[in-house]
Amino acid sequence: MQPIDPAKIQPVLKPEVSLRPFPYPFQAALAIASDIDRCDRSTFVQVHRYLNGTRSGLGLPISDSFFGTGKPHHMAYFLEDGRTPSEDAELIRCCLESGLIDTLHSWGAFDFQPPREEFLRPMAQRLMETLSARGLRVSVWSNHGAPINFQNLYVRTRPEFMGDDPGSDYYTADLLDNLGIKFYWGGELVALPLSNRRTFSTVFMERRHQLETIVKNFIKRLLERSATQRNPRMVLHLCYPTTLRDNHSLLQFTRYNRHPSGVWGHPTRHTLRYALDSTALRELIARQGYQIVYTHLGMPHDGSLPLFPEEDAKALESLADHYHQGRIWVATTSVLLNYWLAVHHLRWSAVAEGEKVVIRIIAINDPVTGPRIPSANELAGITFYSPRPHDTIIYLDDRVLPARAQPADTSGQPSVELDCPNAPEIDFLAHFSSP
Ligand SMILES: [Zn+2]
């Protein structure tokens, strides 16, 4: 490398170079995170052709989840014996490869009978080894259901969950690293956008939520229910580091629900009209926030009902319009969480070298692992405002990352962007259309 004359190096002062909060030209971000309960293969294929399809569908990058074990035709990897691959196992593997599935909805659905201790761990280990052997990783875990799902991870309101308690026979959290789990949903829900741009009104809102949470927590302490206290971070930020009972750290995230019967109303693909109503989407854009929408795309489980009633289809079309018009960035759950982590914890520097603007990525200050050099994949979609986007070079170590200059956005600033992650490819679904 040519030595640089120090006299030619001028620090670029903020705000000339700054991180854009979302990939260009988006102003907010949304994922739809679906728990796979009661979803058969035919429904799964139809739903995702409609949502994700770029030719006859809406072209939305929306991912889904699977169970480790379960009844046939419920998108579980193993049958109920915990060892025989189900008829859906191959579909699940293809979906993991393409990114159409990125979430494990816990090891299984145990709503009517808790998992047997002698069954749970061997099954979980088998799933982890089977996927690892094929180079498949799952970065998101979503807890499932009723309190007798002892396999679930820690959540403040459910002392029954024991998956991360090393003293319990249901302990399996030591298998999560090898599976690739980085993020988990324990059970936190809110009805407002999170990780908003800080403005006077959002700071006011934050303070109000903090105060409400403090008052509620005080009452819980008086009632000796301290363990159920809600940390204000859970209603302000999309993601927060959480130490499980075995000292394992993961990033827990909060999901969004809006439902006529309140935040805990049971969401399905027939209630998307509420979560995605025009007011909710406008609010998300105005606050430049994040939303991971809680739903069950496989429900209702009744073939005589339309796949998407008109109101829900309209809400999804409106979301697709926001996405294709460059207002709301729709991404799969794992892509959105990964991006959130990178953009909120990126360390970088920028200097002017002659006519060039040189940005160096230093690290991601990952709250779980500590500072580390990110992979190029983790930086996908990262966008910097730069006064000279065509003359901006972005380095990761000594490598120049392929970047694209973008014109001025509504703030009047041009930017330079690392390519956004690809949407999951779904053509392979044609091979799986019948059960
Ligand atoms: Zn569930």
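How many Å separate the centres of domain 1 and domain 2? Taken over C-alpha atoms, it's 32 Å. Before I go on, keep in mind that this is a predicted model.

So, who's who? The domain assignment puts residues 6-22 and 336-418 in domain 1, and residues 28-194 and 237-325 in domain 2.

Okay, the interface. On one side, 15 residues of domain 1 are in contact, and on the other, 19 residues of domain 2. The size of an interface is often given as the accessible area lost when the parts come together. Here the area buried between domain 1 and domain 2 is about 1,300 Å², and carbon and sulfur atoms give 81% of that.

What about charges? Side chains of opposite charge can pair when their charged atoms come close. Between domain 1 and domain 2 the count is 1 salt bridge. Asp 366 forms a salt bridge with Lys 182, with 2.5 Å between the closest N and O atoms. Helix α9, residues 333-345, gives the most to the side of domain 1 that touches domain 2, namely 8 residues. By class, that side of domain 1 has 10 nonpolar, 3 polar and 2 charged residues. And Lys 182 and Asp 366 belong to a network of salt bridges together with Arg 372 and Glu 378.

Let's zoom out. How many salt bridges does a search of the whole structure find? The answer is 21. I'll show you two of them.

Start with Arg 41 and Asp 88, whose closest N and O atoms are 3.0 Å apart. This pair links distant parts of the chain, 47 residues apart: Arg 41 is in helix α1, and Asp 88 is in the loop between β5 and α2. Are they buried or exposed? Arg 41 counts as buried because its relative accessibility is 9%, and Asp 88 is buried too, at 2%.

Now look at Asp 174 and Arg 121, which meet in a salt bridge at 2.7 Å, N to O. These two sit 53 residues apart, with Arg 121 in helix α3 and Asp 174 in the loop between β7 and α4. Asp 174 is partly exposed, at 33% relative accessibility, and Arg 121 is partly exposed at 27%.

Last stop: His 105, in the loop between β6 and α3. At 1% relative accessibility, His 105 counts as buried. Its side chain reaches the backbone oxygen of Ser 142 at 3.0 Å. Leaving aside neighbours within four places in sequence, His 105 has contacts including Asp 35, Phe 66 and His 144.

Notes: Residues are numbered from 1 along each chain as its sequence is written. This is a predicted model: local features need pLDDT of at least 70, side-chain atom pairs count only at pLDDT 80 or more; totals for chains, interfaces and linings use all residues. Side-chain values use heavy atoms; hydrogens and water are left out. Domain bounds come from an automatic or database domain assignment. Contact means heavy atoms within 4.5 Å. Buried area is the accessible area (1.4 Å probe) that two parts lose on being put together, summed over both. A salt bridge is a side-chain nitrogen of Lys or Arg within 4 Å of a carboxyl oxygen of Asp or Glu. Helices (H or I, at least four residues) and strands (E, at least two) are DSSP runs, numbered from the N terminus. Ala, Val, Leu, Ile, Met, Phe, Trp, Tyr, Cys and Pro count as nonpolar, Asp, Glu, Lys and Arg as charged, and the others, Gly among them, as polar. Buried means under 20% relative accessible area, exposed over 50%, partly exposed in between (1.4 Å probe, protein chains only). A polar contact is a pair of N or O atoms within 3.5 Å; within protein, one must be able to donate a hydrogen and the other to accept it, and residues adjacent in sequence count only if both atoms are side-chain atoms.
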